[in-house]
Amino acid sequence: MTPEDLIASIDESACFARLADMVQHQSYSETDGERALAEHMHGILEGLGLEAMLQPVEGQRVNAIGTLKGTGGGQSLLFNGHLDTNPVTTGWTVDPWGGVIDDEFIYGIGVSNMKAGDAAYLCAVETILKAGLRPKGDVILSFVIGELQGGIGTVRMLEQGVRADYFVNSEPTDIQAMTLHSGAFSYQIDLTGSTRHVSKRAEACDALAAAAALVPRINAMTFTGAETPDHRAVNRAHVGVMRAGLGDEFHEWRPPQVADRARLLGTCRYAPSQSIETVLEDMRVVLRALELEFPGLQWSLDSYDQRKNKPQMPPFEVSRDSPIVKAVNAAYQTVRGVPQPTGPVAPSCFFGTDAAHLAAAGMEGIVCGPGGEFNTMPDERVRKSQFLDCVKIYILTIAEICGLEPAA
């Protein structure tokens, strides 16, 4: 059977059923539902004949890992995706856990981020097995938890020795080939001024006014030390929360007084040629300039994630000449008949992904998965055609990297 015949044999209805089944599990981070879906995936992996395990992460939280052992002579390939999802927001018009499918889309919370990617590599392996084929190299399917807590599931997976020659992380890129994404960390800025009654405002140091002036400056930042234009392209700083008032408790009941306290929470995205510390120093330069404009202003700046003991999401980069990149590029060309967009593709390049942890462990890989266009929004959805194309791309990638032969 040729690779083209193999992708033509995909059971589309079965693929949609797999994805709908995953969507119908409410798997919010750090809930019983997250574990329940991991256990469900473990059962599916066992049913397919893979070597399956529930891998401890922390407390009662577990990853589901399945290995399709190769017959020998091929390279190994790890697929990686997370089961935990963001919460449902207002504005939904379909059941977020219904697995609703219409002529164009499949809907559900987490379907884009990133159950469609999870289901795509599961369906790729199922298609290979149903065709009576086996890979020459091992294919590892990892369904991890806690990506939304900095990738704790993948970090624990790596600590327990799971490795492969290459990996595909299936975060949503609208099946473009992402070879570079930024690192991510959160920060906290505290500003302290001095209060006066509004009648003596000129004598005050207004922490609220200083914070308001600071927001657009931070949001416009790029950082020093970017070695290439691609690295500079993934720089971004953002203020997401601003609070101001009186005293350490930010009292709001006395608005005739000038605010003496303000707090900003936000995130920064940086490139492999930069670091958390170099970004923080760039931010300190901005804060020192602000201090000159607001005499008496005091400030502090800290990395918010480090104080919470979360794993950091470091940056990720792989050469466009890597065998895994070339394999995915060729698969996309076969499936869609056009070259695959490749590089720091936006907006995905501003995500943090577990690819960074996998690369830090010494593996070469790529980020390429279905979804993204309608990610993290009411009626989150993925195009059915894109999901199926991703299944095909993964099948062809397994064929190229691992090799396929008839099962004994």
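Author: The side chains of D230 and R320 form a salt bridge, with 2.9 Å from N to O; the term stands for a side-chain nitrogen of Lys or Arg within 4 Å of a carboxyl oxygen of Asp or Glu. The model is predicted, so local features need pLDDT of at least 70 and side-chain atom pairs count only at pLDDT 80 or more, while totals for chains, interfaces and linings use all residues. Residues are numbered from 1 along each chain as its sequence is written, and side-chain values use heavy atoms, with hydrogens and water left out.

An automatic or database assignment divides the protein chain into domain 1 (3-180 + 315-406) and domain 2 (183-304). Their contact (heavy atoms within 4.5 Å) takes 8 residues from domain 1 and 11 residues from domain 2. Between the centres of the two domains, taken over C-alpha atoms, there are 38 Å.

The size of an interface is often given as the accessible area lost when the parts come together. Domain 1 and domain 2 bury about 840 Å² between them, and carbon and sulfur atoms give 67% of that area; buried area is the accessible area (1.4 Å probe) that two parts lose on being put together, summed over both. On the side of domain 1, L180, P315 and F350 supply 67% of the area buried against domain 2, more than any other three residues.

Across the interface of domain 1 and domain 2, the rule finds 1 salt bridge.
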